[in-house]
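Biologist: Hello! Could you take me through this model, one question at a time?

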Amino acid sequence: MMMTRIYLIAIALLTAISCKAQFVQETKPLYDDGFRRAQENTYYKDFGNDLGRLVGKWRFIDGTETLEIDLVLKEQHHTNLSYSGLQFDQDFLYGEYKYTNEESEALVNSLADLQSSVDPFDHLIKGNYITNINNTELCETCTNELAVKLHIDDPQRDYIPYRMYIQHIPANSQGNPMEQIRLVIRINDMTIVPEGEPTDTRIRLGFYTLNKVE
């Protein structure tokens, strides 16, 4: 009986090791010029560093209006699509921000929450969609440059879906002595405001140029 039990345990261990050895995760670029359909057991990696170069602290100041953004890269974030059961990994950007309007009102300040979680979906800024800059409003003369699309939420207007396209501008490029990002904030076309809730946007829509702070 004891020998049989040992034999069965050994078979189970060998089977588990064999299955693990046969599992090979394929790695693909996160950016795909065509339409990418996520595949099981695949890691979508930021090969071009399009997300990585946006990591850091960025600040826009225009009089009393300010926008501060702090972005972090989460590599190989495991994704499990609940509606289909599909599982894969992907690089993701997430972050928090502080926005003060022209009337000096600090409407959003979530910077202190950046370390609260490493799950991108726990934060007000998240995303990883890379697109040709010509699909955005950021540049009319650019040709082969890429931009990153992120979602940015207002914690008091979470029913208003903002989208944000970001262009990275290296230092000493376009006559700028410091590293910058240029971004545009818009509202998604599909917006459903609950009855009785405010319809105004507290975050100013439009363009911002932010200098790298750290």
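**Cysteines, cores and strands**

Modeller: Gladly, and please keep in mind that this is a predicted model. Let's start with C139, which is buried because its relative accessible area is 15%, under the 20% cut-off.

Biologist: Thanks! And is C142 buried or exposed?

Modeller: The cut-off for a buried residue is under 20% relative accessible area. C142 has 11% relative accessibility, so C142 counts as buried.

Biologist: Which residue does a disulfide join to C139?

Modeller: The count of disulfides in the model comes to one. Its S to S distance is 2.1 Å, within the 2.5 Å needed. The partner of C139 is C142.

Biologist: What is the handedness of that disulfide?

Modeller: Handedness is read here from the torsion about the S-S bond of C139 and C142, which is about 85°. The disulfide is therefore right-handed.

Biologist: Nice. How many residues are in the core that includes C139 and C142?

Modeller: Let me begin with the largest nonpolar core, which has 32 residues, with I69, Y97 and M164 among those with the most contacts inside it. Strands that each supply at least two residues of this core include β3 (56-62), β4 (65-80) and β11 (206-212). C139 and C142 belong instead to a second, separate core, along with A147 and V184, and its residue count is seven.

Biologist: Which residue is the bridge partner of V184 in β11?

Modeller: β10 and β11 pair in the antiparallel sense over six bridges. For V184, the bridge partner in β11 is F207.

Biologist: Which residue's side chain makes a polar contact with the side chain of R157?

Modeller: R157 is placed in the loop between β8 (146-152) and β9 (162-169). With a relative accessible area of 10%, R157 is buried. Leaving aside neighbours within four places in sequence, R157 is in contact with P198, D200 and R202. The polar contact between side chains, at 3.4 Å, is with D200.

Note on methods
Residues numbered from 1 in each chain as written. Predicted model: local features only at pLDDT ≥ 70, side-chain atom pairs only at ≥ 80, totals over all residues. Heavy atoms only, no water. Helix = DSSP H or I, 4+ residues; strand = E, 2+ residues; numbered from the N terminus. Buried < 20%, exposed > 50% of the residue type's maximum accessible area, 1.4 Å probe, protein only. Polar contact = N/O pair within 3.5 Å; in protein donor to acceptor, adjacent residues only side chain to side chain. Contact = heavy atoms within 4.5 Å. Core = buried A, V, L, I, M, F, W, Y, C linked by side-chain atoms within 4.5 Å. Pairing = 2+ DSSP bridges.
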